[in-house]
Amino acid sequence: MAMEVTQFLLNAQSVDSTARKHAEETLKQFQEQNLPGFLLSLSGELASEDKPVDSRKLAGLVLKNALDAKEQHRKYELVQRWLSLDVTVKTQIKACLLQTLSSPAPDARSTASQVIAKVAGIELPQKQWPELIGSLLSNQQLPAHVRQATLETLGYLCEEVSPDVLEQDQVNNILTAVVQGMNAEEGNNDVRLAATRALYNALGFAQANFNNDMERDFIMRVVCQATLSPEVKIRQAAFECLVSISSTYYEKLAPYIQDIFSITAKAVREDEEPVALQAIEFWSSICDEEIDILEDYGGEFTADSDVPCYNFIKQALPALVPMLLETLLKQEEDQDQDEGAWNLAMAGGTCLGLVSRTVGDDIVPLVMPFIEENITKPDWRQREAATYAFGSILEGPSPDKLIPIVNVALSFMLTALTKDPNSHVKDTTAWTLGRIFEFLHGSTVEIPIITPASCQQIITVLLQSMKDAPNVAEKACGALYFLSQGYGDVGASSPLTPFFQEIVQSLLTVTHREDAGESRLRTAAYEVLNEVVRCSTDETAPMVLQLVPVIMMELHQSLEAQKLSSDEREKRSELQGLLCGCLQVIIQKLGASEPTKYVFLQYADQIMSLFLKVFACRSATVHEEAMLAIGALAYATGADFAKYMPEFYKYLEMGLQNFEEYQVCAVTIGVVGDVCRALEDRILPYCDGIMTQLLKDLSSNQLHRSVKPPIFSCFGDIALAIGENFEKYLMYSMPMLQSAAELSAHTSGADDEMIEYTNLLRNGILEAYSAIFQGFKNSPKTQLLIPYAPHILQFLDSIYMEKDMDDVVMKTAIGVLGDLADTLGSNAGSLIQQSVSSKDFLNECLSSDDHLIKESAEWAQMAISRAISV
């Protein structure tokens, strides 16, 4: 049954590509022709001490990949495949895996741990392999390397299976073994490290243990002791456990918080960076918890509130803030150039920002002395730290508290941005200005911080800074973005109008910089350009019009390039995305008022032909931003868009077929809706193709679930556009809607994420029903819908009974009830009267605080009373 695979596994890692390819092909053939033999050979290879470590390790990895995959549908197939294997084969494989845990070769042990966890993830939920945990726990008396491998396996196992799969006594036994392995008495550091990492994964299972004071005390003591281990990796893993405990068991932390503060403060000040970063992360995590609680409860706690806020941050402030401020002085020389940089100073600043959001005004007096003391120091580190501290506390405290300080600081910072000799300081100063404009500038803030005089100075300085090093220029772009956004709803005249031309010109210049590819600079410049256009007023419409041929020319030039390397192709595609995004914003802006729309439409043919050429650049996939821009163009051109459909349709179809890049598929579905609204019944010739593809998408198990709700809404868009002509699609679309409705009606036991998705799904289904009824209204064919009415009413009943609709679904659902009555008239009256909860649901919506729900309900009430009185 088994076959000699060693040589092929070694060749599959060879530098010689011919040998490698041949080996990969052979292994693939073996797998396809004889899967049980293939898996047995791999597990035998992994378990055999005579084999080279490299072939053993790869055997384990190939075995693991035969059990699991990233894509849900593939994972499902692999799970079913394993479950259907012969029991004796599986038993042999599992025996080999368990045997490998005793191997002297660390790589073989570690790989076996991962594979055992994957098998357990498949079998334990099916009530198979019940003896696994017992046999792992019996290894605790064996030599250190076996204990280490066993603990690693238990850790992976907890990552793979969900808590409800294990019995409480199994959880207790696992935790006992893990905590024993973490104990200071454990002489072997590898064992301690494996145990500490295993605890991190097992914490989600420990609900009952954390509810027991004695057990919780014991676990917390062991974790806190491990933070003092002489081995840095153990200290880091122990702090990672504390971070996880802070979010999972926040409400149990009060007795320990004092000790944890002492441990974290010592680590932040004295320990190595990986450990210190986790110690700061603990406090960031506590902030996240308290911010969530304060947002959920609006700060008003009743005696029976589930999760009271313990105000750990408020209590720790006097000691926590100085500790965080010290970290700000530990910057790295080149952190601004490195996009993925993360160090003590950045972690400290991030945490300070979260503390500021948690406690609001209380933070200001604790940070101001640090800023005042350091902002003018000769050492750049002190100036940068002071600026970073200021930028970090701008979200949280009230405008009343901050505005007097900002008024003093603004001109100082504008000077620093142009005059400070140090690039780090300039980078942080521009970032801080952006935060000032984001949180303290705009129509919601009563006292304006920007006067006409300072507006000119700010723009001059920001445009000047856009010529600075890429990282500084990118932050200056960010500041200009929030400056524009704050003027987004000023009415007819904007303070930015006099500078509009200059701002646009400067931004276009930035996009052409040689180094615009660094620090996301080009992307940032286009983002600002879009925001400046979006927030512009009628006064500058002629200048926005002048921008159209400029951006078109840039897009045209990007299409000229020939014979590009794959790297250059990717860069070109990115640039085309930015240009299409920019045109989309311009189209939306100019299309929003009749006079500008009329002038703009002279460019429509040329723009559309450019978008089609952008599509033609890519063989297999559709360009997402070009698709979005076409949606905007369809909206602006209305019925005239029909002339583009013959050429555009194939790309629309290509987008709908793109399962792999599901965002592209979702965007394309949105554009189908835009085109339906623009063309109305002129979309009819294309509907067979579109509906066929949408139905295919729905029945595919490869398509990401998030695309399904928009598909249902899209049925509605098509039905509204073609009215009674939708008749021929009813027999296909209605059963799909019904089965999705049944799936989404019951959510008992679902988590928040699932409930959120279910509500999106319900809303898509209801939007489709609503639009189908509206499309058939006043048509002789309305009786075709009567057979579907009972099921729809039953769906409304069941989601009303579940009591977990969000406001959006509630509004759409009551709308469907109205549309049903409105379109079917007396045919619906008796059905609605028989419905279990229509009356209660209607009354609940009529008394809603949400005026949109109330309006829908009032309309539905009228439609129902008309239907009943007929």
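Trainee: At roughly what angle do the axes of helix H15 and helix H16 cross?

Mentor: Remember that this is a predicted model. For packing, read the axes, then the hand, then the residues. The axes of H15 (residues 257-270) and H16 (residues 273-297) cross at roughly 145° and come within 8 Å. The crossing is left-handed.

Trainee: Which residues of H15 and H16 make the contact?

Mentor: H15 contributes Ile257, Ile260, Phe261, Thr264, Ala267 and Val268. From H16 come Val275, Ala276, Ala279, Ile280, Phe282 and Trp283. Eleven of the contact residues are nonpolar, one is polar and none is charged.

Trainee: Now a single side chain. Is Arg235 buried or exposed?

Mentor: Start with the relative accessible area; buried means under 20%. Arg235 has 11%, so Arg235 is buried. Arg235 sits in helix H14 (residues 232-248).

Trainee: What lies 3.2 Å from a polar atom of the Arg235 side chain?

Mentor: The backbone oxygen of Pro230. Leaving aside neighbours within four places in sequence, the contacts of Arg235 include Asp271, Glu272 and Val275. Val275 also belongs to the H16 side of the contact with H15.

Trainee: What are the relative accessible areas of Cys309 and Cys617?

Mentor: Cys309 is buried, at 10%. Cys617 is partly exposed, at 25%.

Note on methods. Residues are numbered from 1 along each chain as its sequence is written. This is a predicted model: local features need pLDDT of at least 70, side-chain atom pairs count only at pLDDT 80 or more; totals for chains, interfaces and linings use all residues. Side-chain values use heavy atoms; hydrogens and water are left out. Helices (H or I, at least four residues) and strands (E, at least two) are DSSP runs, numbered from the N terminus. Buried means under 20% relative accessible area, exposed over 50%, partly exposed in between (1.4 Å probe, protein chains only). A polar contact is a pair of N or O atoms within 3.5 Å; within protein, one must be able to donate a hydrogen and the other to accept it, and residues adjacent in sequence count only if both atoms are side-chain atoms. Contact means heavy atoms within 4.5 Å. Axes are lines fitted to C-alpha atoms, for helices over the stretch in contact, and angles run from 0 to 180 degrees between N-to-C directions. A crossing is left-handed if the near helix is turned anticlockwise from the far one by less than a right angle, and right-handed if clockwise. Ala, Val, Leu, Ile, Met, Phe, Trp, Tyr, Cys and Pro count as nonpolar, Asp, Glu, Lys and Arg as charged, and the others, Gly among them, as polar.
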